[in-house]
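Hello,

Here is the structure I promised to pass on. My notes follow below it.

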Amino acid sequence: MEVRLFNSLTRSIEPFRPLDPKGEAVKMYTCGPTVYNYAHIGNFRAYIFEDLLQRHLEARRFKVERVMNLTDVDDKTIRGCRVMGVRLAEFTQRYKDAFFEDLAQLRIKRAAHFPAATEPRYIQRMIEMITFLESKDFAYKAEDGSVYFRISSFADYGRLAHLNLEELRPSGRINTDEYEKESIGDFALWKVWNEEDGDVWWESPWGRGRPGWHIECSAMATAILGPELDIHCGGVDNLFPHHEAEIAQSECFTSKQFVKYWLHCAHLLVDSQKMSKSAGNFYTLRDLIERGYTGREIRYALISVHYRLPLNFTLAGLDAARAALSRIDAWVRRLHERAQAASAGGVPSFPESESFLKALDDDLNISGALACLFDWIRDTNRMMDLGELSEAQAAKCLADFGVINSILACEAAQIDVPKEITQLLEERQNARAARDWALSDTLRDRILSMGWMLKDTKQGQQVTRNS
RNA sequence: GGCGGGGUCGCCAAGUGGUAAGGCCGAGCUCUGCAAAAGCUCUAUCGCGGGUUCGAUUCCCGCCCCCGCCUCCA
């Protein structure tokens with residue numbers, strides 16, 4: 001069985017074979033955030049999908065080198081820093097920091113590289129690329145002083161989005177003041193400075209200005225990963241024009257096929273609506289954490305719907321994620337209790353962890369994979385009910401679950417029980433020994449009110465809490 | 001108008017030409033001093049109408065809804 005992925009370029013599911021002749025190394029580029037605000041859960045849906053992809057490929061023994069860029073200069077970041085009256089770098093730094101905190105909360109594996117558009121070496125590279133493109137007539141300087149890519153010079157333009165350029169229809173989003181362009185579809189490589197840019201500008205052969213959005217990804221991707229990438233991901237909304245533009249710029253510059261597999265995840269809806277601040281259904285990760293949800297729960301909710309399907313995000317869905325996780329937690333705890341220090345040596349692997357991976361091989365069929373996991377949970381729970389799961393088998397189960405968890409990253413974090421709780425538990429234990437149920441119940445309420453779940457088992461009291 | 005995605009149990013959501021995974025919720029049972037938690041068990045004929053077929057949710061045709069994208073929103 002091999003990994004198969006839906007390639008937007010061909011609109012079909014294809015076997016995944018990396019460019020690396022040894023079939024090991026995978027070069028993966030993922031469009032990252034524009035750091036002008038806290039990222040919202042729609043953004044994170046995309047990053048979690050990419051995380052799932054990376055982790056699964058790694059479980060399948062690929063060596064993934066992933067790049068995620070940070071867009072730290074554009075209209076919104078410039079506007080933001082001017083409103084706050086701070087320098088651009090200072091403004092974006094706070095959202096970069098926040099972004100990395102959020103990634104950690106969501107257990108998203110860090111990319112190998114997080115290049116930022118304004119790093120001098122990348123600005124330099126963008127200028128080099130644009131200079132080259134202009135010299136080959138792929139680009140031109142327009143009357144307004146900006147440099148545009150000439151889409152008519154690249155025959156493949158439109159191939160990724162499968163758009164017929166002749167039939168493009170104005171959507172109302174066109175910036176009508178860009179009449180200087182030769183063609184409506186031409187996009188900016190270099191934007192000439194204007195007053196609204198304030199002190200944000202770089203010197204270039206075309207005068208002061210700043211790079212266009214698309215060129216940064218081409219520059220950073222090829223600078224770090226080379227001219228040819230295996231995988232490039234992003235949200236569907238980036239498919240056109242952003243990725244189309246990236247292909248055009250990159251391929252005209254390198255004369256090589258830029259990306260072999262293009263993967264796009266669908267949008268996230270909130271309560272069946274497009275998320276928007278005006279509709280009041282706009283959530284950042286921080287909003288949800290304030291509501292008492294954990295990064296782990298949010299991760300599970302976002303990962304558990306196939307990436308090419310619109311994900312309808314709801315608080316009820318988060319509650320469902322919480323319940324599903326606590327079921328997994330309880331199972332893992334039970335396995336630990338059963339396994340104790342037993343070694344799994346000699347016990348054959350349970351087939352479920354492999355069927356889990358096989359489901360993911362099929363274009364990341366997460367629903368199928370989770371079904372394998374829960375079937376497995378039910379079966380082994382039943383075995384434990386009947387006393388038919390040996391200590392060694394339980395240990396093996398945990399080892400096999402480790403593979404699944406290396407992808408889902410769903411296991412509960414170890415939380416130390418604080419002293420106050422331990423003390424209350426001790427008191428309650430004494431009360432119970434004395435059959436003082438009233439006191440026992442009072443103490444239970446107190447523990448519950450402090451945010452801990454309490455359960456009486458044959459082995460005594462057990463406390464847990466959401467993580 | 002063009003391109004694309006989707007309509008499967010109350011909610012979320014797999015899947016297959018042969019009579020429908022899984023999760024949540026709900027119900028029942030077990031456990032328990034009572035609870036809670038947990039565990040087990042149970043719960044659908046797949047948008048509508050045709051066609052192909054021994055047989056379709058799965059293939060074809062038509063229709064009805066919903067949702068994206070069509071120049072800088074993951």
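How many bridges join strand E3 to E4? Six, and the two strands run parallel. E3 covers residues 25–30. Strands here are DSSP runs of E, at least two residues, and helices are runs of H or I, at least four, numbered from the N terminus. Two strands pair if DSSP finds at least two bridges between them.

Before you read on: this is a predicted model, where local features need pLDDT of at least 70, side-chain atom pairs count only at pLDDT 80 or more, and totals for chains, interfaces and linings use all residues. Residues are numbered from 1 along each chain as its sequence is written, chains are lettered from A and ligands numbered from 1 in written order, and side-chain values use heavy atoms, without hydrogens and water.

The sheet: four strands, open, in the order E4-E3-E9-E10, with parallel pairing. Strands E4 (63–68) and E10 (259–265) are the edges, each pairing on one side only.

Thr77 sits in helix H2 (residues 75–84). Beyond four places in sequence, Thr77 is in contact (heavy atoms within 4.5 Å) with residues including Tyr36, Leu88 and Phe91.

Ala301 belongs to helix H8 (residues 295–303). Ala301 is buried too, at 11%. Outside four places in sequence, Ala301 contacts Leu311, Leu318 and Ala321.

Best wishes

Conventions
Buried means under 20% relative accessible area, exposed over 50%, partly exposed in between (1.4 Å probe, protein chains only).
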